[in-house]
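Hi there,

Here is the structure I promised to pass on to you. Have a look at it first, and then read my notes below.

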Amino acid sequence: MESMGKKKPRPRRSFTSEFKAEIVELCQRGDRSVGQVAKDFDLTETAVREWLRQAERDAGTRTDGLTTSEKDELAQLRRENRRLREDVEILKRATAFFVKETR
């Protein structure tokens with residue numbers, strides 16, 4: 001017997017920035033509520049509200065988080081930092097190897 005009241009989790013989906021912008025524009029027009037837009041496009045209300053918040057951050061009307069460009073820059077810097085840490089670790093090993101070889 002199936003568990004009553006338990007839904008299967010929805011598989012994670014990804015959306016283009018153009019699609020998100022269209023959804024945000026629909027919500028900002030005010031013709032329909034956020035909940036109605038989410039329902040019409042089979043989206044979660046939480047996701048739509050987060051897209052709205054992010055659009056407000058990008059427009060400068062909200063200051064409670066990072067803009068999209070700041071998030072992209074942070075991700076790029078973290079990747080670079082990880083790569084540099086790996087490079088440093090390789091150089092440490094190489095130095096230890098050559099020190100041992102020259103003795």
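**R57 and its surroundings**

Neighbours within four places in sequence aside, R57 is in contact (heavy atoms within 4.5 Å) with E50, R62, D64, G65, L66 and T67. Before going further, please note that this is a predicted model, in which local features need pLDDT of at least 70, side-chain atom pairs count only at pLDDT 80 or more, and totals for chains, interfaces and linings use all residues. Residues are numbered from 1 along each chain as its sequence is written, and side-chain values use heavy atoms, with hydrogens and water left out.

R57 is found in helix α3; helices are DSSP runs of H or I with at least four residues, numbered from the N terminus. With a relative accessibility of 11%, R57 counts as buried, a term that means under 20% relative accessible area with a 1.4 Å probe, protein chains only. Its side chain is joined to that of D64 by a polar contact of 3.2 Å. By polar contact I mean a pair of N or O atoms within 3.5 Å; within protein, one must be able to donate a hydrogen and the other to accept it, and residues adjacent in sequence count only if both atoms are side-chain atoms.

Is Q54 buried or exposed? Q54 is buried, at 12% relative accessible area. The side chain of Q54 makes a polar contact of 3.1 Å with the side chain of R57. Residues three or four places apart in an α-helix point the same way, because there are 3.6 residues a turn. Outside four places in sequence, Q54 is in contact with L66, T67, T68 and K71.

**The helix as a whole**

Helix α3 covers residues 45–59 and reaches 21 Å from its first C-alpha to its last, close to the 21 Å expected at 1.5 Å a residue (1.5 Å times one less than the number of residues). Its buried residues are V48, W51, L52, Q54 and R57, and their cover includes α1 (17–29), α2 (34–40) and α4 (68–102). After α3 comes G60, with a positive phi near 90 degrees.

**The chain**

The protein chain has 4 helices and 0 strands (a strand is a DSSP run of E with at least two residues). Buried residues make up 14% of its 103 residues. Along its principal axes, the C-alpha trace spans about 75 × 50 × 20 Å.

Enjoy exploring!

Methods. Buried means under 20% relative accessible area, exposed over 50%, partly exposed in between (1.4 Å probe, protein chains only).
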